[in-house]
Amino acid sequence: MSYKKFFQFIGLIACLSLLSACTVTDLDAEGNPIIPKDPNAKISFADFTLPEVADQLWEPKVFPEATKEFTPWESIKSQLDAQQIVNKQSFFVRLDGTIENVNLGKMKGVITINLGDTKVDLQVGRIIKGNAIRDASKYVVFDDFKNQIRFAQISREFNNRAMESIGKPDPSWAGKKATVIAAITVDQNTIKDAVPMQISFGGK
């Protein structure tokens with residue numbers, strides 16, 4: 001074997017060795033490499049639709065948090081009486097009282113629950129203002145959304161699920177004792193927004 005052929009042979013072996021060490025990457029329809037997802041990477045909500053994001057948060061996290069980790073109404077009431085909630089805050093709260101009024105419209109309505117010394121208006125219907133549920137939950141974090149618009153819109157998904165949870169409001173509810181799990185937003189010592197998430201009758 002000549003020196004030239006010997007070195008050509010060595011070169012061929014080296015090339016084959018390099019090729020065998022390479023990982024073949026599939027290409028997408030546009031010819032771009034398809035990068036496998038890191039199994040240890042944190043799931044980004046940017047990859048999901050808003051209903052899908054709500055599905056991941058509502059049942060496994062937000063709803064159990066509201067029903068098990070609520071702030072007692074007595075605690076919130078004492079802070080309101082002492083004028084201690086100046087800055088806007090949202091809470092999950094349990095309200096035990098009597099449903100006084102049920103006013104329903106085509107798009108929105110109000111259920112008023114009488115707690116004895118306080119009346120709270122609970123929003124119901126298709127249009128609910130505010131972000132009480134989103135802001136009360138420790139599981140809904142802006143950094144997971146990376147997008148102010150989607151972060152704002154997730155409230156609508158939560159409100160829709162809250163309305164599904166309580167069932168269709170009925171005027172016959174008026175006068176009944178009820179226990180309500182709700183999300184409320186307080187600002188300047190005033191309840192601004194309140195959304196029922198669970199209503200059970202025959203409370204205290």
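Q: What makes a residue count as touching Phe158 in this predicted model, and which residues touch Phe158?
A: Contact means heavy atoms within 4.5 Å. On that basis, and not counting residues up to four places away in sequence, Phe158 touches Ala54, Leu57, Trp58, Val62, Ile133, Arg134 and Val140. Phe158 is also listed with Val62, Leu95, Leu122, Ile133 and Met197 as the residues that touch the most other members of the largest nonpolar core, which has 49 residues. The largest share of this core, 8 residues, comes from helix H2, residues 50-68.

Q: Why are H2 and H5 called oblique to each other?
A: The axes of H2 and helix H5, residues 148-166, come within 10 Å and cross at roughly 60 degrees. Angles under 35 degrees count as roughly parallel and those from 65 to 115 as roughly perpendicular, and the pair is therefore oblique. H2 passes H5 in a right-handed crossing. Among the residues making the contact are Ala54, Leu57, Trp58 and Val62 of H2 and Ile154, Phe158 and Ala162 of H5. By class, this contact of H2 with H5 has 11 nonpolar, 2 polar and 4 charged residues.

Q: Why does Asn189 count as buried?
A: Buried means under 20% relative accessible area, and Asn189, at 14% relative accessibility, therefore counts as buried. Asn189 lies in the loop between strands S5 and S6.

Q: What makes the phi values of Gln188 and Asn189 worth noting?
A: Most residues other than glycine have a negative phi. Phi of Gln188, however, is near 55 degrees, a positive value, and phi of Asn189 is near 60 degrees, also positive. Gln188 lies in the loop between S5 (177-187) and S6 (190-201).

How values were computed: Residues are numbered from 1 along each chain as its sequence is written. This is a predicted model: local features need pLDDT of at least 70, side-chain atom pairs count only at pLDDT 80 or more; totals for chains, interfaces and linings use all residues. Side-chain values use heavy atoms; hydrogens and water are left out. A nonpolar core is a set of buried Ala, Val, Leu, Ile, Met, Phe, Trp, Tyr and Cys residues joined through side-chain atoms within 4.5 Å. Buried means under 20% relative accessible area, exposed over 50%, partly exposed in between (1.4 Å probe, protein chains only). Helices (H or I, at least four residues) and strands (E, at least two) are DSSP runs, numbered from the N terminus. Axes are lines fitted to C-alpha atoms, for helices over the stretch in contact, and angles run from 0 to 180 degrees between N-to-C directions. Angles under 35 degrees count as roughly parallel, over 145 as roughly antiparallel, 65 to 115 as roughly perpendicular and the rest as oblique. A crossing is left-handed if the near helix is turned anticlockwise from the far one by less than a right angle, and right-handed if clockwise. Ala, Val, Leu, Ile, Met, Phe, Trp, Tyr, Cys and Pro count as nonpolar, Asp, Glu, Lys and Arg as charged, and the others, Gly among them, as polar.
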